[in-house]
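Thanks, everyone. Let me put the model up, and then we'll go through its salt bridges and its nonpolar cores.

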Amino acid sequence: MANFMQDSVVKYACSCGILNPISKLFFCRHCPKLRCGFCVCHEVDSNFCSNCLENIPSSEARNKKNCCANCFNCPCCHHTLSARATTVVVQKKPEEGAKDGDGAAGADAKPDPSKVITKKMYYLSCLACRWTSRDVGIPDQSVATGSWPDNECAYQTRFNALAEYYQAVVQQDKQERQEYLRRKTPKTHKFPSLTDRTGLTVSIIRRQMGWSDKNTQKAKPVNIAPAQNTEDVGQLPESIFTQKINLRNITTVKQRHNQPCEQPFTINKLYPQRRGLWIKRSLRCRECEHNVIKPEYHPTSVKYRIQLFASYHVPDVLLVKCDQPLKAGEPNAVILKLSNPTLHDMEINIVELPTEEDELKLIEEFKRACTLKDTSLTAATAMDSLKSLTGSPSLTGTASLTNTSLVRQTSILEEPRVVKLKVNSKLQPPEASFILNLRDDSREFDDEPQTTTKSEPEFIVSRKSNKVYLSLKFIPDADLKTGDDVYVGFNMLYTYVNTVTNTPEKKEPTTHVLNCRIYVQVGSIEA
């Protein structure tokens with residue numbers, strides 16, 4: 001059961017073996033498999049300011065150091081600063097020249113103190129702590145945005161020199177690595193190409209292969225003066241031992257960390273900081289490279305173009321209660337609530353989890369099937385191992401073993417692993433399968449629950465709309481002590497109707513039998 005601000009007691013095993021609640025998992029309809037945050041690629045779609053909601057291109061955001069040019073944060077309480085307007089009385093400037101006189105007469109004219117004008121000026125103010133830009137001596141500006149000065153760092157020149165030096169070092173290392181790969185790569189043709197006269201074709205091919213052109217100059221790091229340590233450290237002022245310290249005028253650690261260049265000691269040296277940019281990111285499956293999450297481009301929109309959350313495609317399992325208090329070695333039963341989030345009926349079958357040895361064998365066969373280097377492994381064995389491990393039957397037949405689902409497995413960084421959570425109870429799985437009805441929003445308003453019929457299995461307690469309450473029997477291990485948590489695990493086989501087809505030939509929805517491993521913390525042993 002998932003509660004707000006609490007850890008979920010029902011967790012699903014991802015295809016890589018990491019346990020997560022269903023709210024943190026994604027579902028790829030092209031594989032089809034469960035994906036966690038480590039099984040997807042995170043891509044930045046857009047940069048925007050959360051205050052002014054302005055979309056900023058990635059190149060401009062990089063130049064501005066991922067900060068907004070118009071919005072500032074308060075250096076004291078870190079709230080957003082707002083521009084306040086005020087009027088200032090200013091003497092009117094003398095005219096450049098008299099209308100009837102010459103230029104010399106206009107130059108000799110003096111300002112008349114009686115002629116004054118009012119001018120609107122702006123300053124930054126915090127509505128939370130009443131901090132203003134006048135507290136640190138920042139002059140008022142005639143424009144509300146775009147003209148506020150930045151606090152210059154005393155070590156900015158040194159930082160720029162170090163950045164240029166290490167960029168040149170990285171570029172030189174990259175060129176040397178490419179040159180080494182070029183020498184080690186065997187030549188495919190014994191004779192030179194006839195299109196090598198102009199050099200254009202060779203240059204394009206080298207760029208496509210990731211190699212640098214021959215006529216490009218090698219990057220050489222610029223020599224910079226190394227940093228030197230010194231033993232001459234400034235002494236503390238004498239006033240620090242004689243005068244009392246007012247803690248209200250001293251900055252906190254958080255305020256100093258927000259300004260790492262200066263790290264001011266007193267509040268009167270705190271300058272407003274530019275507001276950091278936010279991002280909208282999309283998630284892409286590492287196996288098939290299809291988008292799992294794709295948000296809208298506009299910052300004010302909270303909708304998604306593509307939202308393949310696991311809670312929309314996988315049956316949701318919730319813990320209701322246990323029939324009796326948990327005691328070691330005594331049989332008990334737990335009531336679970338299963339919900340169908342899809343628009344198609346599901347056939348659910350609950351079986352036991354595979355042993356650790358079987359799981360290791362399946363992982364090894366899965367890795368060998370992905371590399372396609374073991375000639376003794378047949379296509380049927382690879383398909384069965386992949387289907388048993390991840391519950392994905394999208395690979396059917398010998399010819400499909402060379403499709404993108406297996407060829408692109410080499411790009412997955414998270415390799416399958418054994419689930420670390422150990423089950424300390426013996427489950428008695430139900431003998432028959434049952435049907436989980438499709439989601440119908442109109443049935444949610446029915447007051448009368450659907451009772452079980454004679455044709456349904458005995459382990460089903462009740463039904464209502466797309467929800468089923470079932471009772472699973474289990475026996476906790478006899479060696480458990482008082483206070484130990486009891487975990488129940490099972491494999492849930494369910495039918496999934498996939499409306500997305502990987503090939504243009506198949507236009508009709510296909511039905512798959514998928515598998516997901518579920519671990520439930522039913523409670524702790526009582527005395």
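**Salt bridges and cores**

Start with Glu 296: at 26% relative accessibility, Glu 296 counts as partly exposed. The scale is this: buried means under 20% relative accessible area, exposed means over 50%, and partly exposed lies in between, with a 1.4 Å probe and protein chains only. The partner of Glu 296 is Arg 305, and their closest N and O atoms are 3.6 Å apart. Arg 305 counts as exposed, at 54%.

Some ground rules. This is a predicted model, where local features need pLDDT of at least 70, side-chain atom pairs count only at pLDDT 80 or more, and totals for chains, interfaces and linings use all residues. Residues are numbered from 1 along each chain as its sequence is written, and side-chain values use heavy atoms, leaving out hydrogens and water.

A salt bridge here is a side-chain nitrogen of Lys or Arg within 4 Å of a carboxyl oxygen of Asp or Glu. The structure holds 12 of them.

Next pair: Arg 284 and Glu 43 form a salt bridge, with 2.8 Å between the closest N and O atoms. Arg 284 lies in strand S11 (residues 278-285) and Glu 43 in strand S5 (residues 40-48), so this bridge ties together parts 241 residues apart in sequence. Helices (H or I, at least four residues) and strands (E, at least two) are DSSP runs, numbered from the N terminus. Arg 284 is partly exposed at 24%. Glu 43 is partly exposed too, at 29%.

Now a helical one. Asp 173 bridges to Arg 177, closest N and O atoms 2.5 Å apart. Both lie in helix H3 (residues 156-184), four residues apart, about one turn. Asp 173 is partly exposed at 39%, and Arg 177 is partly exposed at 45%.

One network as well: salt bridges link Lys 33, Arg 35 and Glu 287.

On to the cores. A nonpolar core is a set of buried Ala, Val, Leu, Ile, Met, Phe, Trp, Tyr and Cys residues joined through side-chain atoms within 4.5 Å. Which members of the largest core touch the most others? Tyr 12, Leu 336 and Tyr 494, out of 44 residues. Strands supplying at least two residues each include S1 (10-13), S15 (332-339) and S21 (485-498). S21 gives the most, with six. Domain 1 (26-66 + 278-313) and domain 3 (314-377 + 414-525) each contribute at least three residues; those bounds come from an automatic or database domain assignment.

Last item. A second, separate core has 11 residues, including Phe 26, Cys 31, Leu 308 and Phe 309.
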